[in-house]
Amino acid sequence: MVAKTKLFHHHLLLLLLLLVSSLLHLSTTTFAIGVNYGTQGNNLPPPSQVANFIKTQTIIDSIKIFDTNHDILNAFANSGIAVTVTVGNGDIPSLANLNSARGWVAANIAPFHPQTRINRIVVGNEIMATANKPWISNLVPAMRTIHKALVLAGITNVQVTTPHSLGILSISEPPSAGQFRRGFDRAIFAPMLQFLRETKSPFMVNPYPYFGYSPNMANYALFKRNRGVHDKYTGITYTNMYDAMLDATYSAMRKLGYGDVGIVVGETGWPSVCDPGQPACSMENAAWFNGNLVRRTSQGKGTPLMPNRRFETYLFSLFNENLKPGPTAERNWGLFRPDFSPVYDAGILRNAQSGGGGRQRPRPTPGSQWCVPKPGVSDQALQANIDYACSNGVDCKPIQLGGACFNPNNVRSHASYVMNLFYQTHGRQAFNCDFSNTGVLTAANPSHGACRYI
C-alpha cells in the first residue's frame, strides 16, 4: 500500500512538472511585441517613469537596450517586462577570455537578475557589417564564453545571441535562394548557428523594408496592396518585403543545415520625419508600417516558408531621440515623444490612453465617418480591395452567401462593406481608407436593411 501511494505521488509530481513545463512553453511562444529603448536624448524621462508607462499603458512586454545601463536595469526590476541587454562592440575581444566574461557577468547581470527579467544578452550590434576583423573573429568565441560565464554563475535562463543587418546575405531575392556571404557562411555563421542550437537561443536579424524602399515598390515595402513579387523556385508570390526578408534569412540558415534555429526580429520600424526629398518617410507611412506589423505579429501567421511561426519582434524605437547624429530621420524613429504622447497610432497603447498625463488619445467618434468606394472605380479594382481586406484581418462572412450584407450581390456593395470594416478596425485614419486611391470617407451612413456598418 505504501509503495502504491509513493508511486501515485511520483506520477502526480511528474504530471505537475509536465503541466508547468507546458505552461512555460506556452508563455514563451505567445506573441511578443518589444521595443528598442535608446537613450540618446537630453529630454527623455527617467527610467522609472518609462518602466511604469510601458507596464501600465502599453502592450509592450519586452525591451532591448543598447548597453547595460544599471539605472534602467534597476527601474525594470519586478516589472515583469523582459529586458535584453547589449555588450559593447569594443568589449568583444576581451570577453572571449573566460575571466573577463565572468567579471562582466558579475558586474552587469548577477546583481539584477532575476528581479529584473534579463532574458537575453546580445553581443555587439551588427558586427558583421563593421569590417572590424578583431570584433568579427572574436564574436562567436565571446558568445560561447559569456554563456559559460553565465552557467558558472548559476544563471541558466539567459540566452546569448547577436543581431545582424540583412547585409549578411549575398543573395536575398528570391527569398528561397537566400544565402550568407561567401567566406562568412562556414567560418562564422555555421559555428554561430551551432552554438545557438546547442543553447536553444535564437538567431537575431534586423529587417528594415524602409531601407529597401523605392517609389515603384512602395506598396510592397509598406504592407499595402500590390501585385507581389514571384519566387520562381517555390511558386510563392510575396505581397510584402518584410516576409521576403525573413524567408531569405531562413533560407540561408537552412542551406547550412540550421533551419530549426528560431528567429527573433531585433529591430524594425519606419521613421516619421525625414529631410526634404525623401518620399519614403512620412507620419502616414510610419503609422501604416508599424501598425500592420503589430497586428501581423499578434496574429502569429508566420511567413510563406515559416507558416504559423511566431516572431518575437522589437520595434525601433521607443522615443524620438534628439541627440542622435546623422540625417533628420535618425531622430524620428520613435513611437513616442519624450512626454509619452504618441507620435502616431501604432496599436500598442492600452485603452487608447496617452501615457503622459492620462489624456484620452484623439480619435474619431465611432460611426462619424465611413469608408466607401469612389464613384467610377472598376469592379476589378474593388475586387482587389475585397481580397486585400479579407486577407488582412477583416471578417468577410457578412458578404458571403447567407450573410447580412450579401445583398445586393455585387462587387461594389461587397467592397463598400469590407473597405469600411478595414478602415474602422485599423485605426480610423484617413490613409486606412486610401486603397490605392479608390476609397473615400463619407459622413452618410451606408447601412441598409439588416446590413449594419460600424
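Predicted model: local features only at pLDDT ≥ 70, side-chain atom pairs only at ≥ 80, totals over all residues.
Colleague: How many residues of β12 are buried?

Modeller: Six of the six residues of β12, which spans 263-268, are buried, so the strand is largely enclosed by the rest of the structure.

Colleague: Stepping back, how many helices and strands does the protein chain have, and what percentage of its residues count as buried?

Modeller: The protein chain comes to twelve helices and 15 strands, and 50% of its 454 residues count as buried. If you look at contacts with a sequence separation of 6 or more, 70% of them are between residues 24 or more positions apart.

Colleague: What about the largest nonpolar core, which residues have the most contacts inside it?

Modeller: That core has 126 residues, and the ones with the most contacts inside it are I63, F76, F180 and F203. Helix α9 supplies the largest share of the core, namely nine residues. As general background, nonpolar side chains in soluble globular proteins tend to be buried together.

Colleague: Take F180 then; what is it in contact with, leaving aside neighbours within four places in sequence?

Modeller: With those neighbours set aside, F180 is in contact with I168, L169, S170, D185, F189, L193, F203, A252, M253 and L256. One of these partners, F203, is itself among the residues with the most contacts inside the core.

Colleague: Changing topic to helix α2: which of its residues are buried?

Modeller: In α2, which covers residues 47-57, the buried residues are V50, A51, F53 and I54. They cover an arc of only 165° around the axis, which puts them on the same side of α2. The general point behind such a pattern is that an α-helix has 3.6 residues a turn, so residues three or four places apart point the same way.

Colleague: And what covers the buried residues of α2?

Modeller: The elements that cover them include β2, residues 62-64, and α3, residues 70-75.

Colleague: I also noticed N240; where is it found, and is it buried or exposed?

Modeller: N240 sits in the loop between β11, residues 237-238, and α9, residues 241-255, and it counts as buried because its relative accessibility is 3%, which falls under the 20% cut-off.

Colleague: What does the side chain of N240 reach?

Modeller: The side chain of N240 reaches two backbone nitrogens, that of Y242 at 3.2 Å and that of D243 at 2.7 Å. Not counting residues up to four places away in sequence, N240 also touches Y220, F223 and R296.

Colleague: Last topic, disulfides: how many are there, and what is the pairing in sequence order?

Modeller: The count comes to four disulfides, and if the bonded cysteines of the protein chain are numbered in sequence order, the pairing is 1-2, 3-7, 4-5, 6-8.

Colleague: What about C390 and C396, left-handed or right-handed?

Modeller: The disulfide of C390 and C396 is left-handed, because the torsion about its S-S bond is about -100°, and the two sulfur atoms are 1.9 Å apart. C390 is partly exposed, with a relative accessible area of 31%, while C396 is buried at 8%.

Colleague: And C274, which residue does a disulfide join it to?

Modeller: C274 is joined to C281, with an S to S distance of 2.2 Å; that link is right-handed, with 85° about the S-S bond, and both cysteines are buried.

Note on methods:
Residues numbered from 1 in each chain as written. Heavy atoms only, no water. Buried < 20%, exposed > 50% of the residue type's maximum accessible area, 1.4 Å probe, protein only. Helix = DSSP H or I, 4+ residues; strand = E, 2+ residues; numbered from the N terminus. Arc of directions from axis to C-beta. Contact = heavy atoms within 4.5 Å. Polar contact = N/O pair within 3.5 Å; in protein donor to acceptor, adjacent residues only side chain to side chain. Disulfide = S-S within 2.5 Å. Core = buried A, V, L, I, M, F, W, Y, C linked by side-chain atoms within 4.5 Å.
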